Every structure is written in structure tokens, then in C-alpha cells.
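Thanks for coming, everyone. I would like to walk through one structure today, starting at the ligand and then moving out to the aromatic rings and a few individual residues.

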Amino acid sequence: MLPSADQNEILKRRTFAIISHPDAGKTTLTEKLLLYGGAIHVAGAVKSNKIRKTATSDWMEIEKQRGISVATSVMGFDYADHHINILDTPGHQDFAEDTFRTLTAVDSAIVVIDSAKGVEAQTRRLMEVCRMRKTPVMVFMNKMDREGKDPFDLMDEAEKELGIHCTPVTWANGQGLKFESVFALNNRPSELSPKLQEDLEMIDGVYPEFYKEAYLRGDLAPVFFGSAYKTIGVQELLDFLVENAPSPLPVTAEERTVEPMEDKFTAFCFKIHANMDPNHRSCIAFFKICSGKFLRNTYYYHVRKDQQMRFAAPTCFMAQKKETVDEAFAGDVVGLPDTGNFKIGDTLTAGEHLHFKGLPSFSPEMFKYIDNADPMKQKQLDKGINQLMDEGVAQLFVSQLNGRKIIGTVGQLQFEVIQYRLEHEYQAKCKWQPLQMYKACWIESNDDAELDMFKKRKAQYMATDKEGRDVFMADSAYVLSMAQQDYKHITFHFTSEF
Ligand code: G4P
């Protein structure tokens, strides 16, 4: 076990992500939290990492946005004797996979909902990942200063659409133009309007009291009302989070469960951010520390490469400033300068042979063959594709029938990013060939004979993923459901981890 001073540091950590549909107010809320932490001093200091809708094919704009997002990857600050780490998630839905992976590195999440729009598509999807991982979530109903949906309807919608029990912790005094303040339900104002009195009777009759154990299990979400823009209801959220959100949680590795208070350092890589300057191919690999304490210039074991490595210039992120750090604790994220040694999912330890689980790949939504458009540059193309896939930009499958490479993405924008980066960073040219594909399914069975038969019959639809696993590329929902019907002993998984 770590010395108690170090344990105390770990207990102070609150590492979380803010998730929302674009425009619900994630950036505004983040900024207000940073203001409370004294990490920034003026509003407007946090740049949105949003890739604006109008800019989807404007490359300079995307590059600029990528530059901003490295600065906002992790925003650390101290508040009320705690250390807060907010992990940023990309706003654009074409990069949803990045967000999924970031969610594997947090101990809790705040879901921001626009009270005029209710629960929107992207929030629903991200919440599915939280539910799968049983991540504790808090809900912030934002924009109460606008005319929006009725608070009770919003509560109902959150319960139904997010698939989690909800209970309000604060309540709004008015809405729209009349919205002035919020109050904690366990500290109610003595003078209440008849409308509020009615609301409170209803709340007491319908909602359970906040029960921390249920929240920590991921079964109950405390709900807050407010306006990030007007800074109303934000401090209540932050104070509650400091008090109730979990400090770093145990993390499951294939070999065993790792406890944050163990004295030996362990960490896994959940994100790789490439340098934007094509003349200096360097990256920052972001590691979430799972246990112990990280020290600068100390040798650690890179499990996949079976190699000791030390880091002279590890960085942490305080607000938006990147700083070299001498030490960091479980719950923190360190950025390690990298020249191609790391892949998403890599583990660093003090010598133990550990592999952290929980970095699943999800079935992509769009698929294209990638072909070489410049025969002189095959090597560059292969290297570029491999490195971009290690960075987690998209997923690569190789057809077992003809060896052709297939790239799977969540959105069109990723194909454009790949093509652009191959050209500018690797001097390679690619061309795409459309591929009508519905889903990539990782297949598994206890019945070897049936599995073999399936693979033979479906040979033209079989591919191999980067880890060498068999993947069935179903070209339509119908084909998939027929396969499920015909091969009862085969399980078709939509994520690579099962
Ligand atoms: P996002 O990161 O989730 O995409 O949302 P962001 O914070 O950028 O907010 C989206 C828009 O909603 C912004 O307006 C922002 O000012 C506004 N907003 C955020 N919180 C509130 C709130 O509590 N009340 C009201 N009324 N508006 C809110 P914008 O016009 O797109 O940008 P800007 O010109 O204000 O920066």
C-alpha cells in the first residue's frame, strides 16, 4: 500500500467527463467549472472543441480544432481541497469512438441536457456506454433561462431515454424569463410560491431520496437544474460532485483487479494525439493512472513491447496549460511524448505483466476499401495506415478472401481526415472504394465445427481485425438476422470485447 499522504492525494481525485449532444452547453459548463476552480479568470477562455458544421471539409479548420482539443484534453484544477480532472470529449459525432474510449478513463460523468430539446441522439448513445460500464452519472438540465420543457417532463424523459432512475437534488425557481435561481431540495426556502409548493409535494411523492450507494452503482442519477450561461446551479453541481462522485475506482485487468491505493504504478493508454506539424512526427499518448504514483525519469515496463521506458518530459494539464510534472497519482492523466511506441490500450506497469480490459472497439457504421493511389508509395501508405489505426482514428479489417484492406469509421469525416493525414504526414495517396456493409460482428462459439462451417460458407464476408480476431462483415440487417437464426451456437458481438 502507498504511504498515507499519497493515499490522501488519490482520495482527493475526481476524474470525470462531461457528455452531451453538441450545443447543449458542455463547453459553457466546463468553463464555469474552471472559473470556480480559479483555473481561468475570464469567461470565453475555453475554446470549444467543436468542429463547426460549416467547416466539415475545411481542413485548416479541422487542424486548428485538433490543436485546440489537445489543450483541452484534460483540464485539471483544485477546488475545495480536491483535485478535479475533467476529460474532454470531442463534440463532433464522427469522432464518437474517441469519446467512447475517453469514457473508459473516467470514474464518473456529467450528462448535460438542453432543457428545451430534451435528451438528444448523441447523449443517448454515450449514455449507453456509461450504462454498460456502470459509470456513475449526474444530470445537468441546462438552459433553464430559456423557455423549455416542463421540469417533470424532463425528469420523465431522462429516466426513459437514459435508462436510469433519476432523482432531483436541486429545483429551479421559475423557468425562461422568470428563472432566477435554484435551491437544494434538502434546504428549501421558507417562502414558496403556490406553484413551487405544488412542485415540491409532487417531488416528495414521486422521487426517492438521493441514495449514494445507488448512484455509485450506476443505478440512480442525481439531477440538477440550471443555466451554465448565467452561472446558476453550477456551484451546487460542483459541490455535490466533490462530495459524492467517486475517487479513483478499481480497474479490471485480464489478470486481476487493480486497486488505486496499491503502491505499484499501473496505467493504460486511452488516447493518442498526433502532432499537427507534419515535419515532427510526434504524438502525445494519454495514460490514465490506475494505481500508485507516477514519477518522472523512472523506468516503467511497456507490457506489449516487453521493454523498459522512462519519460523525461511527462505532462499534466492544469486548466489549459501543459506543464511538465514530476509526479502524478492514480486518477490523473499523464501525457507522454511518443514517437510511435504506443497504441491505444497499451499498459505501463512497474514490472508486472498486466493487460487492462475495457477498451472495446465498437462496430463501425461506415466501411470503405482503401487502395493505393501511388504505386511508388506503398510502404508509406502501409505505415501510415498502421500508425493511424494505432492512434485509434478508425478501424482496419483485412478481407480473408482477397487480402484487401477495409477501413471502418463512425462518420464520413474520418475518411477525409485519414486521406488528408496520409498525404500530409506520410506522403502517401489513397483512394476509396465504397462498400455496402451493415455491421462488423466479432464472432465466438463453443462449437468449433459450427464455427468452421460458418467461416467456410461465409468466406467472402470474413475479415480479420487488427488483433487477428475473426470478424463477420454483414452486408445487411437481413443477412445478419438470417445468420443468427441459422447458426444458433455462434454469438455475434457488436463490440470487440465480450
Ligand atoms: P457544446 O459545447 O455542448 O456544444 O455547447 P456550448 O457550450 O458551446 O453552447 C452552445 C450554445 O448554447 C452557445 O451559444 C452557448 O452560449 C449557449 N448556452 C450554453 N449554456 C446556456 C444556458 O444555460 N442558457 C442559454 N440561454 N444559452 C446557453 P452560441 O450562440 O452557439 O455561442 P456563443 O456565441 O454564445 O458562444
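How do the residues of the shell around the ligand divide into nonpolar, polar and charged? They divide into four nonpolar, seven polar and six charged, where Ala, Val, Leu, Ile, Met, Phe, Trp, Tyr, Cys and Pro count as nonpolar, Asp, Glu, Lys and Arg as charged, and the others, Gly among them, as polar.

Before I go further, a word on the source: this is a predicted model, in which local features need pLDDT of at least 70 and side-chain atom pairs count only at pLDDT 80 or more, while totals for chains, interfaces and linings use all residues. Residues are numbered from 1 along each chain as its sequence is written, and side-chain values use heavy atoms, with hydrogens and water left out.

Back to the ligand, then. It is surrounded by 17 residues, and the closest are D23, K26, T27, T28 and D145; a residue is taken as near a molecule if one of its heavy atoms lies within 4 Å of it. Helix α2, which covers residues 26–36, gives the most to this shell, with three residues; helices here are DSSP runs (H or I, at least four residues), strands are runs of E of at least two, and both are numbered from the N terminus.

Now the polar contacts, meaning pairs of N or O atoms within 3.5 Å; within protein, one atom must be able to donate a hydrogen and the other to accept it, and residues adjacent in sequence count only if both atoms are side-chain atoms. An oxygen atom of the ligand lies 2.7 Å from a polar backbone atom of K26, and an oxygen atom of the ligand is 3.0 Å from an N or O atom in the side chain of N142. On the nitrogen side, a ligand nitrogen atom is 2.8 Å from an N or O atom in the side chain of D145. The ligand taken alone exposes 710 Å², of which the protein buries 68%; these accessible areas come from the Shrake-Rupley method with a 1.4 Å probe, and for residues only the protein chains shown count as cover.

One of the closest residues, T28, lies in helix α2 and is partly exposed, with a relative accessible area of 28%; buried means under 20%, exposed means over 50%, and partly exposed is in between, with a 1.4 Å probe and protein chains only. The C-alpha atoms of T28 and S227 are separated by 9.4 Å, although these residues are 199 residues apart along the chain.

Let me turn to the aromatic rings. Rings of Phe, Tyr and Trp (its six-membered ring) pair if their centres lie within 6.5 Å, with planes under 30 degrees apart counted as stacked, over 60 as edge-to-face and the rest as tilted. By this rule the count comes to 20 aromatic pairs. Why is the pair of F210 and Y215 called tilted? The ring centres are 5.9 Å apart and the planes are at 50°, so F210 and Y215 make a tilted pair. F210 is partly exposed at 25% relative accessibility, whereas Y215 is buried at 0%.

F454 and F472 have ring centres 5.0 Å apart and planes at 75°, so this pair is edge-to-face. The pair links distant parts of the chain, with F454 in helix α12 (residues 448–457) and F472 in strand β28 (residues 470–474), 18 residues apart. F454 is buried at 0% relative accessibility, and F472 is likewise buried at 0%. These two belong to one aromatic cluster formed by F454, Y461, F472, Y487 and F492.

There are also charges over rings, which requires NZ of Lys or CZ of Arg within 6 Å of the ring centre and within 35 degrees of the ring normal. The charged end of K368 sits 4.6 Å from the centre of the F415 ring, and R404 lies over the face of Y369, at 3.8 Å from the ring centre.

Finally, some backbone details. Which residues have a positive phi of about 60° without being a glycine? D81 is one of them; it is in the loop between β2 (74–79) and β3 (82–87) and is exposed at 60% relative accessibility. N297 is another, in the loop between β14 (293–295) and β15 (300–302), and it is partly exposed at 37%.
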